[in-house]
Amino acid sequence: MTIERLTPGSSLQAYPPAEKWDDWLEYDVKQWPRRVEKRYSLVPTICFNCEAACGLLAFVDQETLRVRKFEGNPLHPASRGRNCAKGPATINQINDPERILYPLRRVGKRGGGEWARVTWDQVLDEIAGRIRKAFLEGRRNEVMYHVGRPGHERSMDRVLRAWGIDGHNSHTNVCSSSARLGYALWSGYDRPSPDHANARFILLLSSHLEAGHYFNPHAQRIIDGKLRGAKLAVMDPRLSNTASMADYWLPTHPGSEAAVLLAMANVILDEGLADLGYLERWTNWREFMAHRHPHAAPTFAAFLAALREHYKEFTPAFAEAESGVPRQTIVEVARLVGGARGAFASHVWRGTASGNLGGWQVARALQLLTVLTASVGTPGGTSPHAWNKYKPAFWEEPPAHEEWNELLFPREWPLSHYEMSFLLPHFLKEGRGRLDMYFTRVYNPVWTNPDGLAWIDVLSDESLVGLHAALTPTWSETAIYADFVLPMGHAGERHDIQSQETQSGRWVSFRQPVVRVARERRGETFQHTYEANPGQVWEEDEFWIELSWRIDPDGQLGIRRHFESPFRPGEKLTVHEYYRWIFENAVPGLPEAARRESLTPFDFMSRHGAFLIEDGVYELHKKPVALPEGAGPADDAGLVRAEGRVIGVEVDGAVVAGFPTPSRKLEIFSRTLEEWGWGEEALPGYVRSHVHPKALDAERGEMVLLPTFRLPTLIHTRSGNAKYLNEISHRNPLWIHTGDALRLGLATGDLVRVTTEIGYFVNHAWVTEAIAPGVVACSHHLGRWRLHEGEGSRWSSVRVTLDRRPDGTVLMRQVEGISPFVSADPDSRRIWWTDGGVHQNLTFPVHPDPVSGMHCWHQKVVVSLARAEDLYGDVWVDTNRSMEVYREWLAKARPGPGPGGLRRPLWLDRPLRPAEKMFSAPLPPEG
Ligand code: SF4
């Protein structure tokens, strides 16, 4: 047989043709220069290393039935065959000799480092018995699932709804809930979907090309846009790789971004660049006039005048004073934004929104530019995410639960956009509740969250957390404190559906266990995915089905029926049946596409890995609404109702869908904020950050620490098991501006102590011009640690001691760096690096934003030369002080209930939404 040529294109765009994937022949690169042929079955799957869900193609060796490598899947509509370094590095994670291969049960005390191998049956029986008992005793709020990396559309919601619990917790409040709230208040959709490829001007408020949200698919499209002539501006105090590719770098003082954006809005209005007709048609300005100027004529001209008055202080000179960015640059960029009318693409996700008090107002201010330039949902503009994201439907939906868990949505933050997840240990310590069964799923709060010592405290305390099962593909600083460590698959070892808003289309992709698939195609059968995976690595889908059956073996709890097959009534659902039903019934256009290739919808997804449902999705808010009989005429606000529910809004004489807001318009004025005690922020605005220069203690020499930026080669926890990635990136020095270094007498490589509100860490300095003066930065993807041998990947984690002192202070000290070790992988003996970086998050107190509930990551710090007793990697924390800071921020909150006794506005969504009546259920007494 001859070796096939790759499909045409440059060498960087060549892929095996899809019709050859079942039996692909190529030379074994490791045998070079000998020409040794290798046969592979190529099976598509999806990357699991960030949220972007890029396509991967697994090369399953037909001889060994092991995965040899992962490359890009050219059929994936978002990634189009391309990946970042973390995609192909999946092969490291699968073959890592340090990974967890079997379920483990703690032996001895929690955190003691002793483990025994157990069977999946033992795991399922013990956990199911515990959950069943809690349910029978009415303790439903004591069962909680806490997810770090999601990536399984709607599947966990379905499981938890079937269980009837308010038990979904997420990582979102240390990630993106601030930006989400800002977007949701405008349009009811909590994420943007910029159409970079068709934009005329792109403004990014964090490093999206390099490492941001939807990193690789967005990066490709930003470059597409640039190649078509778009200009790119990046607002970031740090010269990220993205900023280095931009036409404009605006190194703002952290937290000043909204001031700059509002100044740009003023320039756009001043210079006649705004689309006022759009503003008049599509914003709820009438509501603003009715509430704020009830005695004035309700005309658009009067609104415009009031708006101009409201924003008059935001001049370019003011923005320059706040941000440090020259006013001429602000004006120049504003003109380009205005000139891009209809094709202005923008994005803020983490970056400033996640760093600062009031960061959600940055998203509000950015979206104001999108609205002023009439770029909402247009080609080259910025759409709501839901237009570009697929969500599956199921053959039956469990009913909404009738619980409200105040450990997740406490009364103090009635508008918090997601669960107050990072405060869970503080709530447990305060006695607000306890957990009987706690699942962490690919989640490492001890290391990832602020105040990790509070997490260690509660996870070590069996009176607060009865049983903790860590569902994880890798060891983590959190799994150390679990009772069960349950190995779950990486990409290529599990089933999931995923879809993301990466472009102006809608697609669905299929993650699958590639070796199981390759072997099934050869005629083998498996009951469970772990039978085909390394060791007994499993997947959540099958785990939850099995667990649910054991919680409710006789069906009396009403749970089991939700995990019965839609094809074989009364029989246990299989994972194939779950996806088969969705692909046959709930993906528009897929059955037809499959038929054209003489495949079933399931086989189509299994062989292609992804499907483009629709392309070029724009302006869905203008979609006409078919009026049912009995639909009323539009009211004064233009709302049209049928059977008491709003079904559309009248705009220019036509009834159209609008947006899922109370007004069905874009809400420039948030009546919700006004009614829930935040009237001063009801328009897009500027909140002075907790790290604003006026909040810094100049005498102490306080600076601002940015601890949030990503290295493009790493992810939070799982990249610790990827040797390629750790070889590339294994240190996270402190970026410091040349001027600041001179002032402090520092040079690159010097050991510095970085003192926060509750402690300090010791790191090396990196002196650079690539950071704004007065600001320091440290990547959060390094500083992995382990307490005991066998509890962490030695490619990336250093061994530490945790010295807890009676006065509540704690010193973590590195006692063993990265070094070669003997394993089945000969590369482990060739490790040449010794550094694993420094863990900084332990030294951060919690900073819950009083509105969004987001942790405000940026820190006021003092940077000084290290002291004689300091060693590289030292982390010192005062845990008493950390609780004090928690209480200081708690005092900023404005508790509910809100109007009508509501716990939360009905129209604002929340994860695992309860039955509507729970929103108005009276709050139980405090304490
Ligand atoms: S951007 Fe990289 S890590 Fe993220 S899904 Fe794509 S290949 Fe994987």
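How far should the 14 residues of α7 span at 1.5 Å a residue? The expected span is 1.5 Å times one less than the number of residues, so α7 should span 20 Å, and its end C-alpha atoms are 20 Å apart, which agrees.

Quick housekeeping. This is a predicted model, where local features need pLDDT of at least 70, side-chain atom pairs count only at pLDDT 80 or more, and totals for chains, interfaces and linings use all residues. Residues are numbered from 1 along each chain as its sequence is written, and side-chain values use heavy atoms, with hydrogens and water left out.

Okay, α7. Helices here are DSSP runs (H or I, at least four residues), numbered from the N terminus. Of the 14 residues in α7, 13 are buried, so the helix is largely enclosed by the rest of the structure; buried means under 20% relative accessible area with a 1.4 Å probe, protein chains only.

Now its neighbours. α7 (residues 257-270) packs against α14 (residues 360-372) at about 20 degrees, axes 8 Å apart. Axes are lines fitted to C-alpha atoms over the stretch in contact, and angles run from 0 to 180 degrees between N-to-C directions. The pair is therefore roughly parallel, a word for angles under 35 degrees. The contact (heavy atoms within 4.5 Å) includes L261 and L262 of α7 and L368 and L369 of α14.

Then there's α12 (residues 327-339), which packs with α7 at about 60 degrees, axes 9 Å apart. Here, V260 and A263 of α7 are among the contact residues, as are I330 and V331 of α12.

Key. Helices (H or I, at least four residues) and strands (E, at least two) are DSSP runs, numbered from the N terminus. Angles under 35 degrees count as roughly parallel, over 145 as roughly antiparallel, 65 to 115 as roughly perpendicular and the rest as oblique. Buried means under 20% relative accessible area, exposed over 50%, partly exposed in between (1.4 Å probe, protein chains only).
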